Amino acid sequence: MLHRVVFAAALALASAPALAGDVIIDFLDVGQGDGVLIRGAGKAVLIDAGIRDAAVYKQLRTLGVDQLDLLIATHPHADHIGGMTDVVQNIPVKMYMDSGQPHTTETYKRLAAAVTEKGIHRMRATAGMNLKLGDEAVLHVLSPGASYIKNTRSDLNSNSVVVWLEHGEIDALFTGDAEAPTESALLRAGVEEMDLLKVAHHGSDHSSTHGFLSRVSPEIAVISCGEGNRYGHPDVETLDRLAGLGALVFRTDLSGQIRAISNGTELDVLEGDITMFAAAPITQIATDVPLMTAAPVTPAPAPAEPVTPVQTPVEAPTTTPADDTEADEAPSWLSGVRPSAPVEEPSGRGKKKKGKKGKKRGEP
Ligand SMILES: [Zn+2]
């Protein structure tokens, strides 16, 4: 049964210009893990690929995805990259981005080898990079910063790639398995309200602090976790905090796949059978807009005042750090602030408050 709920962006203005195309966000049913497909302007971006058994590459095919413009591994744990090697080997991928943190597992090594073997352009996500989908949607990398957060309960989790999708008046935040230290850094960097939040770390109690959730204050919260998982995700206190903020919570363990469709002013949420989603028309995705083109260089917050003042990234033997030489090879639709570039005061950026007039899309 397909369940449908429509949410208007808070205080979306009637005068907001109509956007040419929708952005469709699919939270794939990957059991205990994460897998999020974002499509808009004829482009497809996958954030994480679940465990291998979830066979995300097959799900992508069912959804009609024959190419990925960008593949993001938020961090190298198997519940996020376990299915990624199969994706890389079965679906053409133009660009791969990760947090730049290597892992010792065979799962990680296999993925790194596959990315290399396929000759996929590889980048280390760094706060300040912007990836533009057509003219109207932008993915902003908010974390990790140029320096990593160190000495946390899980540095791999804490340095998850965090991206903010901005589509007209609609804002969505994808947090990987970011934990409390990441949330503190995002707060310092000025992260603001979001319409939709992919709740960090499967709703665990290592994330979703009250301060962070209060600031982000999502209308829709999506938790990706497995039915009856052995970790007890999501944590009951996380659910309580979300409920206390009035967020409507969707869970993949209860709903299976969850789809959110943004038209730039409203979010339309559906949950249910993947085959019904596949049958649903996706014709509203604009295909006449150019390839992702360089977004205006908006110096992004570096959430990364490191928790400890580490000046150099951890060793990343098989990962290409973002540096000047890499910038020359980056696809034209990627723009970024190099780690050494000056960073504006965090308060000077970040999304505007909901309902504020005259959102200046496209301005530098
Ligand atoms: Zn995870």
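**Figure 1. Confidence across the predicted model.** The protein has a mean pLDDT of 79, and 69% of its residues reach 70 or more; pLDDT is the predictor's confidence in each residue, from 0 to 100. This is a predicted model, in which local features need pLDDT of at least 70, side-chain atom pairs count only at pLDDT 80 or more, and totals for chains, interfaces and linings use all residues. Residues are numbered from 1 along each chain as its sequence is written. Over residues 8-17 pLDDT stays under 50, and the model has 21 contacts beyond four places in sequence for them. Residues 279-330 also stay under 50, with 140 such contacts. Two residues are in contact if their C-beta atoms, placed from the backbone, lie within 7 Å.

**Figure 2. The largest nonpolar core.** This core has 87 residues, and Leu-46, Ile-72 and Val-163 have the most contacts inside it. Strand 9 (residues 137-143) gives the most to the core, with five residues. Beyond its neighbours within four places in sequence, Val-163 is in contact with Ile-72, Leu-139, His-140, Val-141, Leu-142 and Phe-174. A nonpolar core is a set of buried Ala, Val, Leu, Ile, Met, Phe, Trp, Tyr and Cys residues joined through C-beta atoms within 7 Å. A residue is buried if 20 or more other C-beta atoms lie within 10 Å of its own, exposed if 12 or fewer, and partly exposed in between, with C-beta atoms placed from the backbone.

Figure 3. Helices (H or I, at least four residues) and strands (E, at least two) are DSSP runs, numbered from the N terminus. In strand 3 (residues 36-40), five of five residues are buried. Val-36, Ile-38 and Gly-40 lie on one side, Leu-37 and Arg-39 on the other. Strand 3 pairs with strand 4 (residues 43-47) in the antiparallel sense over five bridges; two strands pair if DSSP finds at least two bridges between them. Leu-37 stands opposite Leu-46 of strand 4. The two strands form a hairpin with two residues between them, and Ala-41 in the turn has a positive phi of about 55°.

**Figure 4. Strand 2 and its two partners.** All residues of strand 2 are buried, with Val-23, Ile-25 and Phe-27 pointing one way and Ile-24 and Asp-26 the other. Strand 2 (residues 23-27) runs antiparallel to strand 3, joined by five bridges. Across this pairing, Phe-27 stands opposite Val-36, and Ile-24 has Arg-39 as its bridge partner. Strand 2 is also joined by five bridges to strand 15 (residues 257-262), again antiparallel. Here Ile-25 stands opposite Ala-260.
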